[in-house]
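The sequence and the coordinates come first, and the description follows.

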Amino acid sequence: MKDKIKFLADHMLGRLAKWLRLIGYDTLYLPLPDTEILLLAQKENRLLLTRDKRITERRLVKKKIIKCLFIKSDFLEEQLQQIATELNLSLTLKQPLCTLCNKKILLIPKERVKGKVPPFVFMNHQEFGFCPTCKKYYWKGTHWVKINNTLTNLF
Ligand SMILES: [Zn+2]
């Protein structure tokens with residue numbers, strides 16, 4: 001399943017990693033040395049996203065034992081576009097993952113967030129999510145709208 005692809009983003013791609021999580025792709029983002037990041041990609045069968053040309057020259061990458069995509073641009077929109085095009089992925093908001101820990105955000109009933117989020121947020125939103133690991137609340141606020149617009153404009 002293409003949509004089940006898992007990513008590993010290198011230290012230069014933190015913002016992209018966050019977006020991939022919000023879109024719903026399992027994405028690890030760890031500041032690790034090259035050798036360790038390559039090992040991790042291999043071990044967990046993740047597609048390594050990198051801005052580092054040297055990594056793409058590694059033997060295991062050249063032999064395609066480790067899957068790796070060299071990200072060409074520094075700009076988030078272009079990075080997303082490249083991933084969508086080259087991997088033939090649909091980048092629309094699905095089941096989002098927590099931007100902090102990469103775990104599933106649970107949908108929770110509105111009454112459970114009362115007092116936990118700012119009052120104007122509580123009043124203006126109907127759908128809420130919660131990450132049990134980070135204890136972080138999510139709602140489809142302006143950030144969400146902005147992401148959705150960006151993705152819609154891209155594709
Ligand atoms: Zn979390």
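Asn 88 lies in the loop between helix 5 and strand 5, where helices (H or I, at least four residues) and strands (E, at least two) are DSSP runs numbered from the N terminus. The structure is a predicted model, in which local features need pLDDT of at least 70 and side-chain atom pairs count only at pLDDT 80 or more, while totals for chains, interfaces and linings use all residues. Residues are numbered from 1 along each chain as its sequence is written.

Most residues other than glycine have a negative phi. Asn 88, which comes just after helix 5, takes a positive phi of about 55 degrees. Asn 102 also lies in the loop between helix 5 and strand 5, and has a positive phi of about 75 degrees although it is not a glycine. Are these two residues buried or exposed? A residue is buried if 20 or more other C-beta atoms lie within 10 Å of its own, exposed if 12 or fewer, and partly exposed in between, with C-beta atoms placed from the backbone. Asn 88 counts as exposed because it has 8 C-beta neighbours inside 10 Å, whereas Asn 102 counts as buried because it has 20.

## Overall architecture

The secondary structure of the protein comes to 7 helices and 7 strands, and from the N terminus on the elements run β-α-β-α-β-α-α-β-α-β-α-β-β-α. Along its principal axes the C-alpha trace spans about 55 × 30 × 25 Å, and buried residues make up 25% of the 155 residues. Two residues are in contact if their C-beta atoms, placed from the backbone, lie within 7 Å; among contacts between residues at least 6 apart in sequence, 50% join residues at least 24 apart.

An open sheet is formed by 4 strands in the order 2-1-3-4, with parallel pairing; two strands are taken to pair if DSSP finds at least two bridges between them. Strand 2 (27-29) and strand 4 (68-70) stand at the edges, each with a single partner strand, so one side of each has no neighbour in the sheet. Neighbouring strands of this sheet are turned by 25 degrees against each other on average, direction ignored; axes are lines fitted to C-alpha atoms, for helices over the stretch in contact, and angles run from 0 to 180 degrees between N-to-C directions.

Strand 1 and strand 3 pair in the parallel sense over 3 bridges, and Phe 7 stands opposite Leu 47 in strand 3. Helix 1 packs on the sheet, where it touches strand 1, strand 2 and strand 3, and its direction makes about 155 degrees with that of strand 2.

## Nonpolar cores

A nonpolar core is a set of buried Ala, Val, Leu, Ile, Met, Phe, Trp, Tyr and Cys residues joined through C-beta atoms within 7 Å. The largest has 23 residues, of which Leu 8, Ala 9, Leu 16, Leu 20, Leu 48 and Leu 49 touch the most other members. Two or more residues each come from strand 1 (7-9), helix 1 (14-23), helix 2 (34-43), strand 3 (47-50) and helix 5 (76-87), and helix 1 gives the most, with 6 residues.

Leu 48 touches Leu 8, Ile 37, Ala 41, Ile 66, Lys 67 and Cys 68, not counting residues up to four places away in sequence. Apart from this core lies another, of 7 residues, among them Leu 97, Ile 105, Cys 131 and Tyr 138.

## Helix 5

## The antiparallel strands

Strand 5 (residues 106-108) and strand 6 (residues 128-131) run antiparallel and are joined by 3 bridges, with Leu 106 opposite Phe 130 in strand 6. Strand 6 also pairs with strand 7 (residues 136-139) in the antiparallel sense, over 4 bridges, and here Phe 130 stands opposite Tyr 137 in strand 7. Strand 6 and strand 7 form a hairpin with 4 residues between them, and Lys 135 in the turn has a positive phi of about 55 degrees.
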